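Me: Please take a close look at one part of this structure, a place where elements of the fold meet, and say what is there. Then set that part against the rest of the chain.

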Amino acid sequence: MPAPVNTPPLFPIHSPESLLAFQFSSWYPRFSGQSIKSTVIRPLSADFREYLDSDGVFVPEGAENLPAETTLSDDEDAEQEEDDGDELARFAFPELDARIREVIADYGAVFPKLNFSSPRDAAWMLPASSPLKCTSPADVYLLLKSSDFVQHDLNPELVFDGCEPAHTADDPSSPYDLELVLRKWYPVDRARELRCFVRQENLIGISQRDPNYYDFWNEPQTQEKVVNAVTDFWEKHIKGKWEQTQGDYTFDFLLTRDLSRGHIVDFNPYLPRTDPLLFTYEELHDRLLARTGPHADVAESRLPELRVVDSPAHPAAVRNAPVHQHNMVPIEALAMSSGRNVSEFANVWQEEIRKSMAEQREHSEEEDVGA
């Protein structure tokens, strides 16, 4: 009788050690030649972790690129400290500031991330013309402090959630130290970003990352070109070269302008926490079984399936909705929230709205009189 064939589960089992293969400092040395120039700063101090985990959005002292002389008088400065200093913890990281400035001087500008997560959801905190572009330590801290995404990396319980065997804090085989990654910033055309899904060392799916509709993605020749470009890159640079993952991972890929080549942006574990974008994990599993399962179809294409937003009416097309809009707060609201509880902030915010509406009415009346 032929040996029984085991059907792979929907998701692979990750040990704490295999999961740590996906933190940036683990995979980047292996694939640095095919990725963005980056610098890793680790380990970070317990004080820095405490800063990121503290309430409020503020930058540590000395992090801003300010002129040597402040515009505040000594009396004004003391008064401000008296008003604010008692309620907010004070943080300063002069050594980390200096290191960040060194990297920025080398790269021109950077965008940050922690071990696994980048603060893409806080991109709105910096100018929209240059999302995530940091030119000072204060920019770096502001993005990290404003992000919900990076909170995942601060909590080892979340990092190792679902691992088998379960992770323990004192396990010497899987130590976890917080790290700051500074990547060379450059403008990115999000239309050329892809997420690629690999299971049991089979490239089974490629998804457009940006959920907007683009005409060029619906050209059959373009789709064929991109599938071949991604497959060739994966087979040459990634396949079989990362044994710690046991062949189960996703990677984000940025195509060149001519769509013929590209480079690795990031890796993520093949787990529910990684967004399957235009696929579902059940659909990806079906594709895996069609290739490798007990009833594998020998005629099944060895090329991955590419999914794109094929119509402006596609459910994923959210052109008019800002990315991560749930995390957006007007910068004025951040300024007014300092040192206030929710009730006090709500009252102040409502008063500001009333003032703004009154000013608009006055301005409108002045225009009517002038006409």
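Reply: Contact here means heavy atoms within 4.5 Å. This is a predicted model, in which local features need pLDDT of at least 70 and side-chain atom pairs count only at pLDDT 80 or more, while totals for chains, interfaces and linings use all residues. Residues are numbered from 1 along each chain as its sequence is written, and side-chain values use heavy atoms, with hydrogens and water left out.

Leu-96, Asp-97, Ile-100, Arg-101 and Ile-104 of α5 meet Pro-137, Val-140 and Tyr-141 of α6. By class, this contact has 6 nonpolar, no polar and 2 charged residues (Ala, Val, Leu, Ile, Met, Phe, Trp, Tyr, Cys and Pro count as nonpolar, Asp, Glu, Lys and Arg as charged, and the others, Gly among them, as polar). Helix α5 spans residues 94-107 and α6 spans residues 137-146; they pack at an angle of about 105 degrees, with their axes 9 Å apart. Axes are lines fitted to C-alpha atoms, for helices over the stretch in contact, and angles run from 0 to 180 degrees between N-to-C directions. The two helices are therefore roughly perpendicular to each other (under 35 degrees is roughly parallel, over 145 roughly antiparallel, 65 to 115 roughly perpendicular, the rest oblique).

Helix α6 also packs with α3: their axes come within 8 Å and cross at roughly 60 degrees, so α3 and α6 are oblique to each other. Phe-48, Tyr-51 and Leu-52 of α3 make this contact with Tyr-141, Leu-144 and Lys-145 of α6. The residues divide into 5 nonpolar, no polar and 1 charged.

Val-57 sits between α3 (46-53) and α4 (74-84). The C-alpha atoms of Val-57 and Leu-142 are 7.1 Å apart, although 85 residues separate them along the chain. With a relative accessible area of 35%, Val-57 is partly exposed (buried is under 20%, exposed over 50%, partly exposed in between, with a 1.4 Å probe and protein chains only).

Now the rest of the chain. It has 12 helices and 8 strands (DSSP runs numbered from the N terminus: helices are H or I of at least four residues, strands E of at least two). Of its 371 residues, 41% are buried. Among contacts between residues at least 6 apart in sequence, 75% join residues at least 24 apart.

The whole structure holds 32 aromatic pairs (rings of Phe, Tyr and Trp, the last by its six-membered ring, pair if their centres lie within 6.5 Å; planes under 30 degrees apart are stacked, over 60 edge-to-face, the rest tilted). One of them, Phe-11 with Tyr-281, is edge-to-face, at 4.8 Å centre to centre and 65 degrees between the planes. Phe-11 lies in the segment before α1 (16-20) and Tyr-281 in helix α10 (residues 281-292), so the pair ties together parts 270 residues apart in sequence. Phe-11 is partly exposed at 21% relative accessibility, whereas Tyr-281 is buried at 6%.

The ring centres of Phe-31 and Trp-242 are 5.7 Å apart and their planes stand at 80 degrees, so this pair is edge-to-face. Because Phe-31 is in helix α2 (residues 24-31) and Trp-242 in the loop between α9 (220-237) and β6 (249-255), the pair ties together parts 211 residues apart in sequence. Phe-31 is buried at 1% relative accessible area, and Trp-242 is buried at 2%. Both belong to one aromatic cluster, whose members include Phe-22, Trp-27, Tyr-249 and Phe-267.

Thr-250 lies in strand β6 and is buried, with a relative accessible area of 0%. Asn-268 is in strand β7 (residues 262-268) and is buried at 14%. Leaving aside neighbours within four places in sequence, Thr-250 is in contact with Asn-268, and among its other partners are Arg-195, Phe-267 and Thr-274. Asn-268 in turn touches Thr-250, and also residues including Phe-22, Arg-195, Tyr-249 and Thr-274.
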